[in-house]
Amino acid sequence: MDRLIFHVDVNSAFLSWESARRVQHGESDLRLVPSAVGGDRDKRTGVILAKSIPAKKYGVSTGEPVSMALRKCPELVIVKPDFRLYARCSQKFLAVCRKYAPVVEQFSIDECFLDMSGTSRIYPDPIAIAHKIKDEIRDKLGFTVNIGIGPNKLLAKMASDFEKPDKVHTLFFDELEEKFYPLPVRDLFSVGRATAKKLESVNVRTIGDLASLDEETLQIIIGGKFAKHLYLVSHGIDDSPVLAEREEAKGYSNSITLEEDVRDREEAEQVLLLLSDSVATRLRADGVRAYCVSVVLRSTDFTDRGRQHRLDSPTDNTNEIFSQVKRLFSELWKEGDPIRLFGVAAFDVTKDDGGQLSIFETPEKEKSRDVDKVVDEIRGRFGVDTIQRGSICHSPIVPGGRHLRHSTKADGKEKKKKGNNKKQ
Ligand SMILES: [Mg+2]
């Protein structure tokens with residue numbers, strides 16, 4: 001049976017979500033001015049996580065230091081990230097998608113795949129239904145998405161990346177010649193900068209150039225399993241199924257896809273701390289604790305590596321979750337490997353037992369729980385942006401504030417427990 005896949009991608013997600021909130025409160029729309037989500041404007045520290053289309057015109061790019069972005073565009077408006085808002089918006093647009101699609105896979109915080117195969121009786125015109133989904137998200141939620149339609153995830157994802165914002169595009173096999181092969185090879189999904197350079201150095205400049213190579217030649221240029229993978233994707237071939245999320249991972253997971261690869265441990269840990277904090281904050285807000293913590297990393301070749309750990313007693317504590325996340329990350333990651341997507345999830349949750357402490361409780365844990373309480377209170381009163389975790393404070397991502405000590409107990413434990421999950 002022919003498959004029919006939609007890829008729904010929020011246009012400049014973090015910035016759109018912040019803008020939509022501001023517009024709802026009668027404030028001005030950040031999308032219309034040069035603006036960005038990122039570090040600290042006054043201290044000129046941190047990096048740009050997302051930018052508006054007007055900011056892009058100044059050459060402001062995701063992943064670059066705030067100081068550099070300000071040199072390119074001195075009037076750039078910079079707002080701090082708010083992962084709780086992002087999680088809410090993410091859930092809302094996924095909910096709209098689930099109304100129409102039998103199977104929905106959340107791919108990152110602002111992207112999902114819909115498996116529309118076999119829906120031709122209910123929706124005879126796939127383009128019309130894609131427009132309906134797109135318009136409903138825009139009109140109800142106040143932000144726009146692109147929807148790519150294709151015979152598989154790869155081509156649907158490539159299609160959603162065509163002209164933005166607020167557009168529906170198709171990329172079927174009979175359109176490859178016209179819409180796919182002329183694209184620069186660096187635009188091919190899963191081709192990172194290093195691979196693109198290697199290919200360009202042997203004059204492979206477009207996806208069409210790449211598709212014209214036989215597998216043996218590709219083996220010589222690239223080598224290994226990745227050559228086989230490139231051979232398939234350059235022909236638009238992808239058999240990977242759309243996977244519905246696992247129930248338990250749904251509520252308390254968060255991931256970020258970065259436009260630039262992260263290769264540096266410190267930078268990676270800062271991203272992981274942001275994610276751990278947002279997950280833990282949501283656990284506490286719901287009054288639940290989780291037994292399992294997992295980390296997933298996606299590299300530029302589109303492969304996911306994941307690992308999970310089961311705790312002796314459930315937790316909702318940011319530092320405890322972050323300690324586990326850091327350890328799992330160390331087990332998964334080879335120094336210098338490029339990472340494109342980071343995901344952190346807490347699952348197997350149990351209702352908070354009202355503060356009853358386990359026998360494994362240490363004074364350090366207690367202290368760190370007190371810190372959570374204070375942080376939550378301040379955020380509750382003054383907004384999520386008012387306070388950031390210690391290491392983030394010193395990070396290029398979210399600066400400012402004093403350093404909070406992490407629970408050292410879990411850090412010191414060098415127990416190598418191999419998890420076995422593949423993907424959350
Ligand atoms: Mg997006």
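Ile222 lies in the loop between helix H10 (215-221) and helix H11 (224-234). The model is a predicted one. With a relative accessibility of 16%, Ile222 counts as buried, because the cut-off for that class is under 20% relative accessible area.

Beyond its neighbours within four places in sequence, Ile222 is in contact with Thr195, Lys198, Leu199, Ala227 and Leu230. One of these residues, Leu199, is 23 residues from Ile222 in sequence, and the C-alpha to C-alpha separation of the two is 8.1 Å.

## Overall composition

The chain contains 17 helices and 12 strands. Of its 424 residues, 54% are buried.

Strand S7 (residues 145-150) is largely enclosed by the rest of the structure, because 6 of its 6 residues are buried. In a regular strand, side chains alternate between the two faces of the sheet. In S7 both faces are covered: Val145, Ile147 and Ile149 are buried on one side, and Asn146, Gly148 and Gly150 are buried on the other.

S7 runs antiparallel to strand S1 (residues 5-10), to which it is joined by 6 bridges. Within this pairing, Val8 stands opposite Ile147. With strand S8 (residues 168-170), S7 pairs in the parallel sense over 3 bridges, and Thr170 in S8 is the bridge partner of Ile149. Together with helix H6 (residues 153-160), S7 and S8 make a left-handed β-α-β unit.

S6 pairs with S1 in the antiparallel sense over 5 bridges, and His7 stands opposite Phe113 in S6. Strand S5 (residues 103-108) also pairs with S6 in the antiparallel sense, over 5 bridges. In that pairing Ser108 stands opposite Glu111. A hairpin connects S5 to S6 through 2 residues.

Cys73 is placed in the loop between helix H3 (66-72) and strand S4 (77-79). Its relative accessibility is 0%, so Cys73 counts as buried.

Leaving aside neighbours within four places in sequence, Cys73 is in contact with Pro34, Tyr58 and Val60. Gly59 is 14 residues from Cys73 in sequence, with a C-alpha to C-alpha separation of 8.3 Å.

## A nonpolar surface patch

Val77 is found in strand S4. With a relative accessible area of 32%, Val77 is partly exposed, because that class lies between the limits of 20% and 50%. Val77 forms a nonpolar patch on the surface with Leu32 and Val33, and the three residues together have about 250 Å² of accessible area.

Conventions
Residues numbered from 1 in each chain as written. Predicted model: local features only at pLDDT ≥ 70, side-chain atom pairs only at ≥ 80, totals over all residues. Heavy atoms only, no water. Helix = DSSP H or I, 4+ residues; strand = E, 2+ residues; numbered from the N terminus. Buried < 20%, exposed > 50% of the residue type's maximum accessible area, 1.4 Å probe, protein only. Contact = heavy atoms within 4.5 Å. Pairing = 2+ DSSP bridges. Right-handed = clockwise from strand over helix to strand, strands pointing away. Patch = residues over 30% accessible without salt bridge, like charges linked within 9 Å, V, L, I, M, F, W, Y side chains within 5 Å. Areas by Shrake-Rupley, 256 points an atom, 1.4 Å probe, with all protein chains shown as cover. Salt bridge = Lys/Arg side-chain N within 4 Å of Asp/Glu carboxyl O.
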